[in-house]
Amino acid sequence: MSELSVRAEKLDAVDELAAKRAEFVLDETVYLDGNSLGALPAVVPGRVEDIVRRQWGELRIRSWEESGWWTAPERIGDRIAPLVGAAPGQIVVGDSTSVNVFKAVVGAVRLARLRDPERDEIVVDATTFPTDGYIAESAARMTGCALRPVAPADVPGALGDRTAAVLLNHVDYRTGRLHDLPTLTAAVHGAGAYVVWDLCHSAGALPVGLDEHGVDLAVGCTYKYLNGGPGSPAYLYVRRELQDRFDSPLPGWNSHAEPFGMRSGYEPAPGAPRGRVGTPDILSMLALEAALEVWDGVRVEAVRLKSLALTDFFLDCVAEYVPEGRVECLTPVPHAERGSQIALRCDGAGAVMKRLIERGVVGDYRAPDVLRFGFTPLYVGFADVERAARVLAETLA
């Protein structure tokens, strides 16, 4: 047994989150793609069967009230809230991340123009996931704003008295770089603008502190570190102090103050529900609610400590096992700049990842040459990490 294998055993033996692994449906595969799709929590299949057979099959329409379907978007939002550092009543679950980015960015521009109608610029993270850029560009056209792509580190110097809204990613999806949410939020506020944070690659992996840092609006998916399942609904956070002024560009009947009044005029509901649009996706939403039960008793701070330990250990194993010069780490080494993934640049990365998957190590590949490995602390252990690095080295040899 190698020195690193022994070290992995010792680290697994003292891991306070190790027991959580039993709450997921897993096999012998080393699954390091939870930053794309989280593993299945074991409680979900039985819960979904109940939702389909009893709630839908037997109660039918009565389940909107008797099974709590109608209040699910806010109820599940309150389950997510502690994971992103938010008090109850500020998060609503529903729609996709893309739809919620659109609501948030347009809503942020409208908030800014309540104070200064001359603000006509949207700043967007130049390294963002493509959809965020597409949505921001469309939002800019619809609001008559100019769109300005800026690298997150350069945002403070790019802000001005015309800036209305700033859309940023908390963690870079390619490299795993963690951006400085507190400092950037303060800079946006200092310029009199509103900030929207995309939390897709941070929620469930590290503390976010939405309330603590005065974030205005935030969005995120639930199928990555929150393990909600493929296509599970996203969420929208609107800071409590802004809710009465938040003007959604998608005023559906579900966000009306009297949704069953069927009035021709729109009057937004108070609080988080004004972020709703149409009828909720009940099956996927309630599967997500079941999945979130794995977070019972878990401290996000403990998740972050294990995430950093896992990624540190992976980098140590790669340095020890992989021949020098075969890979280059794109993820920042300092903890303050690292999310919960490691990105390695590698020649022929697509073919390498295919061979890794064939050998039971599942990560993913981003063109043209990036291997991505996501570390989900609730079910990834240190022995998994050592094995992944060892198989990578053998594959590259």
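The model I am reading is a predicted one.

Is strand E7 (residues 163-169) enclosed or open? I found seven of its seven residues buried, so E7 is largely enclosed by the rest of the structure.

**Helix H2**

I next examined helix H2 (residues 44-59) and noted a kink of about 30°, centred on Ile 51. Ile 51 is also one of the buried residues of H2, together with Val 44, Gln 55 and Leu 59. I considered the spacing in general terms: an α-helix has 3.6 residues a turn, so residues three or four places apart point the same way.

Against what do the buried residues of H2 pack? I listed strand E3 (40-41), helix H3 (63-66) and helix H9 (282-291). After H2 comes Arg 60, and I recorded its phi as positive, near 50°.

**Aromatic rings**

I counted 11 aromatic pairs. I took up the pair of Trp 70 and Phe 260, whose ring centres are 5.1 Å apart; the planes stand at 45°, so the pair is tilted. The cut-offs place a pair as stacked under 30 degrees and as edge-to-face over 60.

Why does this pair tie together parts that are 190 residues apart in sequence? I located Trp 70 in the loop between H3 and helix H4 (72-80), and Phe 260 in the loop between strand E10 (235-238) and H9, so the pair links those parts.

I checked the accessibility of both residues. Trp 70 has 22% relative accessibility and counts as partly exposed, because the buried class requires under 20%. Phe 260, at 57%, counts as exposed.

I noted that Trp 70 and Phe 260 belong to one aromatic cluster with Trp 64, Trp 69 and Trp 253. Finally, I looked for a charge at Trp 70 and found Arg 276 over the face of its ring, at 4.7 Å from the ring centre.

Note on methods. Residues are numbered from 1 along each chain as its sequence is written. This is a predicted model: local features need pLDDT of at least 70, side-chain atom pairs count only at pLDDT 80 or more; totals for chains, interfaces and linings use all residues. Side-chain values use heavy atoms; hydrogens and water are left out. The bend at a residue is the angle between axes fitted to the seven residues ending there and the seven starting there. Helices (H or I, at least four residues) and strands (E, at least two) are DSSP runs, numbered from the N terminus. Buried means under 20% relative accessible area, exposed over 50%, partly exposed in between (1.4 Å probe, protein chains only). Contact means heavy atoms within 4.5 Å. Rings of Phe, Tyr and Trp (its six-membered ring) pair if their centres lie within 6.5 Å; planes under 30 degrees apart count as stacked, over 60 as edge-to-face and the rest as tilted. A charge sits over a ring if NZ of Lys or CZ of Arg is within 6 Å of the ring centre and within 35 degrees of the ring normal.
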